[in-house]
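Please look at the sequence and the model first.

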Amino acid sequence: MPYLISLVVLAGMIFALIDIITRDQSLVKHMPKTIWLFVVILLPFLGTVLWFAIGREYPQREVRRAPQFAPWATEPAAAPVRRSDARSTEQQLADLEREIEEERLRAELARRRRELGDPA
């Protein structure tokens, strides 16, 4: 068992040393690379843990918000943008007005059918 622990510490130290050496100086935090090398060599376990905890610059990930508990507290989703629709705004408004008029006429027709007692 003590050999296993020693091998794990040695493997971690070698991995940390390779990571420090291959990493660019701009991706190293808090101390220069040479100081990190000395820390990992002189204090293998503690140096390896410190390197991966505070010394290494990790790539930025996309930040996700925590889920909201109230559905009304969330921001409304943006409508998807349709790039294939090349009509002008005036044409889109005219189409919308035609749809509104068509729906009004359907409602009027349904109302008259109910008044006449037509089952259709």
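## Salt bridges and a helix pair

Arginine 104 counts as partly exposed, at 44% relative accessibility (buried means under 20% relative accessible area, exposed over 50%, partly exposed in between, with a 1.4 Å probe and protein chains only). This is a predicted model, in which local features need pLDDT of at least 70 and side-chain atom pairs count only at pLDDT 80 or more, while totals for chains, interfaces and linings use all residues. Residues are numbered from 1 along each chain as its sequence is written, and side-chain values use heavy atoms, leaving out hydrogens and water.

The side chain of arginine 104 meets that of glutamate 101 in a salt bridge (a side-chain nitrogen of Lys or Arg within 4 Å of a carboxyl oxygen of Asp or Glu). Glutamate 101 is partly exposed, with a relative accessible area of 37%.

The structure holds 8 salt bridges, among them the following.

| Salt bridge | N to O distance |
|---|---|
| Aspartate 19 and arginine 56 | 2.6 Å |
| Arginine 98 and aspartate 95 | 2.0 Å |
| Arginine 104 and glutamate 101 | 2.5 Å |

Aspartate 19 lies in helix α1 (residues 2-22) and arginine 56 in the loop between α3 and α4 (89-116), so this pair ties together parts that are 37 residues apart in sequence. Aspartate 19 is buried, with a relative accessible area of 10%, and arginine 56 also counts as buried, at 16%.

Arginine 98 and aspartate 95 are 3 residues apart in helix α4 and therefore separated by about one helical turn. Arginine 98 counts as exposed at 52% relative accessibility, whereas aspartate 95 is buried at 19%.

Two packed helices are described by the angle between their axes and the distance between the axes. The axes of helix α2 (residues 33-42) and helix α3 (residues 44-55) come within 5 Å and cross at roughly 140 degrees. Such axes are lines fitted to C-alpha atoms over the stretch in contact, with angles from 0 to 180 degrees between N-to-C directions. The helices α2 and α3 are therefore oblique to each other (angles under 35 degrees count as roughly parallel, over 145 as roughly antiparallel, 65 to 115 as roughly perpendicular and the rest as oblique).

Phenylalanine 45 is in helix α3 and is exposed, with a relative accessible area of 56%.

Terms used
Helix = DSSP H or I, 4+ residues; strand = E, 2+ residues; numbered from the N terminus.
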